[in-house]
Amino acid sequence: MSKQSIPVRKFDAVIVGAGGSGLRAAIQLSEGGLKTAVLSKVFPTRSHTVAAQGGVSASLGNSEEDHWHWHMYDTVKGSDWLGDQDAIEYMCRMAPEVVVELEHFGMPFDRTDEGKIYQRPFGGHMSNFGEKPVRRACAAADRTGHAMLHALYQRNVRANTQFFVEWMALDLIRDEAGQVLGVLALEMETGEVVAFHAKATVFATGGAGRIYYSSTNAFINTGDGLGMAARAGIPLEDMEFWQFHPTGVAGAGVLITEGVRGEGGILRNSDNERFMERYAPNAKDLASRDVVSRAMVTEINEGRGCGPNKDFVLLDITHLDPATIMKRLPGIREISIQFAGIDPIKAPIPVVPTCHYQMGGIPTNYKGQVVSPDGTPVKGFYAAGEVACASVHGANRLGTNSLLDLLVFGKSSGDSVIDDVKSGAIALKDLPAGYAERTMARLDRLNTQTGGSNVNETRLDLQRTMQKHCGVFRFKDMLLEGVAKITEIEKAVAKTEIKDKSQVWNTARVEALELDNLIEVAKATLVSAEARKESRGAHVRDDAPDTPENPNGRDDVLWHKHTLWHREGSRLSYKPVTMTPLSVETIALKTRSY
Amino acid sequence: MDQRERINRLRWRCTRRAMLEMDLLLGEFLEQQFPTLTEQQADAFVVLADMEDLELWPLINGSQECTDAVQGEVLALLRNVRVK
Ligand SMILES: Cc1cc2nc3c(=O)[nH]c(=O)nc-3n(C[C@H](O)[C@H](O)[C@H](O)COP(=O)(O)OP(=O)(O)OC[C@H]3O[C@@H](n4cnc5c(N)ncnc54)[C@H](O)[C@@H]3O)c2cc1C
């Protein structure tokens with residue numbers, strides 16, 4: 001296929017991704033009168049946002065007194081002071097507005113008796129600057145993400161947003177001056193590559209949790225937006241920070257809620273010991289997520305894991321009355337039977353700490369504009385949602401702040417596009433010569449590769465390496481080894497071979513292209529993690545322990561800064577954390593303790 | 001659309017879903033059991049796979065009843081899939 005034969009479609013704006021963030025941005029653009037295309041690998045309401053059950057945070061104060069400033073404080077503290085305080089203030093201030101707006105779009109929130117949006121408590125949400133728990137999470141039963149996507153999708157249909165479903169964006173189009181002019185995308189049904197030429201390109205491609213062997217993320221989360229950005233010379237920010245959930249079913253990754261331990265579930269090692277008694281004598285199995293996760297990894301690393309490979313621990317509820325299990329935890333029993341092959345009434349469930357959420361991403365400001373290392377916007381390029389790093393989550397995300405991030409920065413990125421188009425800051429520039437060469441070369445290579453590596457095996461290798469060398473608890477030597485290993489795996493990724501060379505519905509090709517993105521995220525994560533010689537938030541190193549000089553192992557003198565990973569040469573640079581909010585005083589550095 | 005295209009499209013729709021649980025279940029089912037289905041059952045599976053996850057999940061776990069007989073047969077098979 002030569003570049004002359006590539007069809008070009010012109011739009012004011014192209015959005016890649018139809019999850020919560022992409023759909024929210026699209027509403028802003030379509031209703032603002034811009035001709036807008038939304039590309040998605042799947043039908044919009046099949047995006048991973050559906051999996052979010054817990055809720056979305058906003059200091060509405062419907063059940064008790066609350067204030068955006070308290071929400072801001074919790075978010076800064078949750079981020080272990082790595083979040084940018086301008087972006088955090090912006091998000092928390094905007095929260096009530098975007099949540100009420102969502103309600104007007106038709107979101108069926110649970111209600112109080114007076115008909116207001118019902119709010120429930122959630123870990124880390126406090127009133128009065130950390131004093132006591134406050135009810136801040138708004139939910140639509142246990143289907144918040146699903147309901148949110150449906151409300152946003154309907155609104156887009158009304159606004160005539162044009163959807164391109166089962167299309168995979170392959171690469172950014174960027175000119176010499178660095179301006180982004182759209183994307184190249186593959187239509188799965190035809191195998192055709194098309195250039196989407198636009199004034200503005202918005203990335204809303206979600207997370208990349210599939211870089212880990214054990215992940216709660218659906219298969220779709222292959223970090224395509226991150227891969228595309230990295231290949232186009234955009235550095236990735238704070239990629240060492242990944243949130244883990246302590247109890248995913250070993251192998252499958254499916255999440256087992258904290259509620260199981262709440263009902264009396266006990267974690268055991270291969271000696272059948274209730275090991276949490278040693279790590280957290282008081283809270284035991286109910287200690288905080290990171291404490292439990294680290295204890296589990298320590299047990300596994302010290303040879304007390306279970307199973308033939310000694311690589312998981314057991315979550316035991318066999319001592320509970322079967323009637324209690326059937327009544328209180330029916331869903332968990334089903335999940336355990338289907339995904340672990342174990343009836344938890346009779347035998348304990350194999351579990352491991354499991355990757356859940358990516359805090360880092362494409363660097364943006366709070367307006368949703370992608371920014372260069374010096375803070376100036378990259379012309380024509382915007383990002384929102386899990387793929388972006390604004391940075392509001394810093395080193396650790398607060399539960400329910402992610403759905404909020406989608407709404408706030410989906411909207412602000414849309415507003416920025418409209419402003420930038422109106423002010424003339426971005427206009428439709430000609431596509432540069434040879435703009436598709438790199439992408440077509442990638443496809444040609446796949447079509448002609450012989451004697452290469454197997455896509456599934458290489459992906460598994462990558463995932464196992466990440467899990468072992470850069471998991472929830474990190475060790476200096478393991479990280480160093482991991483960097484070497486991932487560099488080897490990168491060579492295999494560059495030589496993947498697919499047997500099916502057909503054009504139409506070639507899923508083998510698409511999976512190979514997804515792997516091209518996973519490897520960029522894996523490299524960024526390992527290299528950034530190896531370099532950061534402190535513990536902060538979700539990045540916890542064995543060689544940066546809790547000491548009086550550096551509580552929790554955090555080293556603000558050397559490491560209070562954002563990492564930027566540059567694909568070229570796998571090089572790192574750093575930039576300062578924004579400590580100045582928009583209107584209030586700085587929330588000064590403090591030890592994070594709950 | 002030939003058979004390879006049909007299966008590949010179905011594979012995409014079975015393994016790029018909203019929820020991990022469904023990727024795992026439908027993906028496993030497609031590999032292990034789909035080839036052994038009758039033509040009618042295969043058609044019913046395509047209809048089920050086109051549903052959204054939060055429509056399909058209650059049918060699989062039985063918290064909601066399915067009124068279509070052939071779909072019911074396929075759901076019974078899906079219910080017995082073990083992902084390991
Ligand atoms: C099990 C689970 C539970 C969670 N619960 C909560 C919760 O209760 N509260 C909360 O705040 N957060 C929660 N989260 C996190 C939250 O759900 C996600 O961070 C958020 O939904 C991500 O939304 P998004 O719009 O960024 O991306 P997604 O919803 O993942 O959408 C990404 C979109 O990009 C498209 N796409 C990707 N790559 C390409 C490509 N190459 N070409 C074309 N299209 C592409 C996809 O098709 C999709 O439409 C949870 C996460 C998980 C895994």
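Over the ring of which residue does the charged end of Lys561(A) sit?

**View 1. Lys561(A) and its rings.** The charged end of Lys561(A) sits over the ring of Trp559(A), 4.9 Å from the ring centre. The ring of Tyr574(A) also has the charged end of Lys561(A) over it, with 4.5 Å to the centre. (A charge sits over a ring if NZ of Lys or CZ of Arg is within 6 Å of the ring centre and within 35 degrees of the ring normal.) A word on the model behind these views: it is predicted, local features need pLDDT of at least 70, side-chain atom pairs count only at pLDDT 80 or more, and totals for chains, interfaces and linings use all residues. Residues are numbered from 1 along each chain as its sequence is written, chains are lettered from A and ligands numbered from 1 in the order in which they are written, and side-chain values use heavy atoms, with hydrogens and water left out.

**View 2. An aromatic cluster around Phe11(A) and Phe164(A).** Over all chains, the count of aromatic pairs is 18. (Rings of Phe, Tyr and Trp, the last by its six-membered ring, pair if their centres lie within 6.5 Å; planes under 30 degrees apart count as stacked, over 60 as edge-to-face and the rest as tilted.) Phe11(A) and Phe164(A) make an edge-to-face pair, 5.8 Å centre to centre with 85° between the planes. This pair links distant parts of the chain, 153 residues apart: Phe11(A) belongs to strand β1 (residues 8–16) of chain A and Phe164(A) to strand β6 (residues 162–165) of chain A. (Helices, H or I with at least four residues, and strands, E with at least two, are DSSP runs numbered from the N terminus.) Both Phe11(A) and Phe164(A) are buried. (Buried means under 20% relative accessible area, exposed over 50%, partly exposed in between, with a 1.4 Å probe and protein chains only.) Ring pairs join Phe11(A) and Phe164(A) with Trp167(A) and Phe196(A) in a cluster.

**View 3. A salt bridge between two helices, Arg442(A) to Asp516(A).** The side chains of Arg442(A) and Asp516(A) meet in a salt bridge at 2.7 Å, N to O. (A salt bridge is a side-chain nitrogen of Lys or Arg within 4 Å of a carboxyl oxygen of Asp or Glu.) Arg442(A) is in helix α12 (residues 437–448) of chain A and Asp516(A) in helix α15 (residues 507–531) of chain A, 74 residues apart. Arg442(A) is buried, at 15% relative accessible area, and Asp516(A) is buried too, at 9%.

**View 4. The salt bridge of Glu263(A) and Arg328(A).** Here the N to O distance is 3.0 Å. Glu263(A) lies in the loop between α6 (259–262) and β12 (266–268) of chain A, and Arg328(A) in helix α9 (residues 322–328) of chain A, so the pair ties together parts 65 residues apart in sequence. Glu263(A) is partly exposed, with a relative accessible area of 28%.

**View 5. Where chain B touches chain A.** The contact (heavy atoms within 4.5 Å) takes 33 residues from chain B and 39 residues from chain A. About 3,000 Å² is buried between the chains, and carbon and sulfur atoms give 56% of that area. (Buried area is the accessible area, with a 1.4 Å probe, that two parts lose on being put together, summed over both.) Trp12(B), Arg16(B) and Leu20(B) supply 26% of the area that chain B buries against chain A, more than any other three residues. Between the two chains there are 4 salt bridges; Asp500(A) and Arg4(B) meet in a salt bridge at 2.8 Å, N to O.
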